[in-house]
Amino acid sequence: MKNFGFYIQPDSQIDFDNNNRNLAALVSQREPSFDWCIGCGTCTATCTAGNFTGFNFRKVALLVHRGENEQALQEVEKCMLCGKCNLACPRGVNTRNVVASIQKIFSRYQNLVY
């Protein structure tokens, strides 16, 4: 194929009809403050793991709400659970518990979230 200096990006549509959004409901049950997140990015700006691994809590929350659970699991595995994001959140979202809940849910209920 000839290189024209640009390429066609892969399809990035979100299939809300087929994505399983049970994970978002389960996380909200375990940690009700998960629904308070407005995606401001304060947690991401203070994240220690983000500097080394590219972890981004805002991205995790977005993926979970969209039902893109496999990508969310890959992101969550990068978290060091240090809790700095918890201290910085202006909405009081218990981000550390959200990440821990996602990890527990994946380990216990894999059949519900895939």
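Reader: How many helices and how many strands are there in the protein?
Author: Helices (H or I, at least four residues) and strands (E, at least two) are DSSP runs, numbered from the N terminus. Read along the sequence, the pattern is α-α-α-α-α-α-α-α. The count is 8 helices and 0 strands.

Reader: What kind of model is this?
Author: Residues are numbered from 1 along each chain as its sequence is written, and side-chain values use heavy atoms, with hydrogens and water left out. Local features need pLDDT of at least 70, side-chain atom pairs count only at pLDDT 80 or more, and totals for chains, interfaces and linings use all residues; the model is predicted.

Reader: What share of the 114 residues counts as buried?
Author: The C-alpha trace spans about 50 × 30 × 25 Å along its principal axes. Buried means under 20% relative accessible area, exposed over 50%, and partly exposed in between (1.4 Å probe, protein chains only). By that rule, the buried share of the 114 residues is 36%.

Reader: Among contacts between residues at least 6 apart in sequence, what share joins residues at least 24 apart?
Author: A contact means heavy atoms within 4.5 Å. Among contacts between residues at least 6 apart, the share joining residues at least 24 apart is 65%.

Reader: Which residues of α5 are buried, and why do they line one face?
Author: Helix α5 runs over residues 69-76. The buried residues are N69, A72, L73, E75 and V76.

Reader: How far apart are the end C-alpha atoms of α7?
Author: A helix's expected span is 1.5 Å times one less than its number of residues. The 14 residues of α7 should therefore span 20 Å. The end C-alpha atoms agree with this, being apart by 20 Å.

Reader: Which residues of α7 are buried?
Author: Helix α7 covers residues 95-108. Its buried residues are T95, V98, V99, A100, S101, I102, I105 and F106.

Reader: How much space lies in the largest cavity?
Author: On a 1 Å grid over the protein atoms alone, a cavity is a set of points where a 1.4 Å probe fits but cannot get out; lining residues have an atom within 4 Å of a point. Points are joined across faces, edges and corners, and a volume is the space filled by probe spheres set on them. The structure holds 2 cavities of 30 Å³ or more. The space in the largest is about 80 Å³.

Reader: Which helix gives the most to the lining of the largest cavity?
Author: The lining has 13 residues, with C79, L81, C82, G83 and C85 nearest the centre. The most, 3 residues, comes from α7.

Reader: Is C79 buried or exposed?
Author: C79 sits in the loop between α5 and α6. C79 touches F55 and V99, leaving aside residues up to four places away in sequence. With a relative accessible area of 18%, C79 is buried.

Reader: How much space lies in the second largest cavity?
Author: The lining of the second largest cavity includes C37, F57, C89 and T95. The space there is about 60 Å³.

Reader: How far apart are the C-alpha atoms of N19 and E68?
Author: N19 is found in the segment before α1 (22-30). N19 is partly exposed, at 22% relative accessible area. Although N19 and E68 are 49 residues apart along the chain, their C-alpha atoms are separated by 6.5 Å.

How values were computed:
On a 1 Å grid over the protein atoms alone, a cavity is a set of points where a 1.4 Å probe fits but cannot get out, and a pocket is an open set with protein on both sides within 12 Å along at least five of seven lines; lining residues have an atom within 4 Å of a point.
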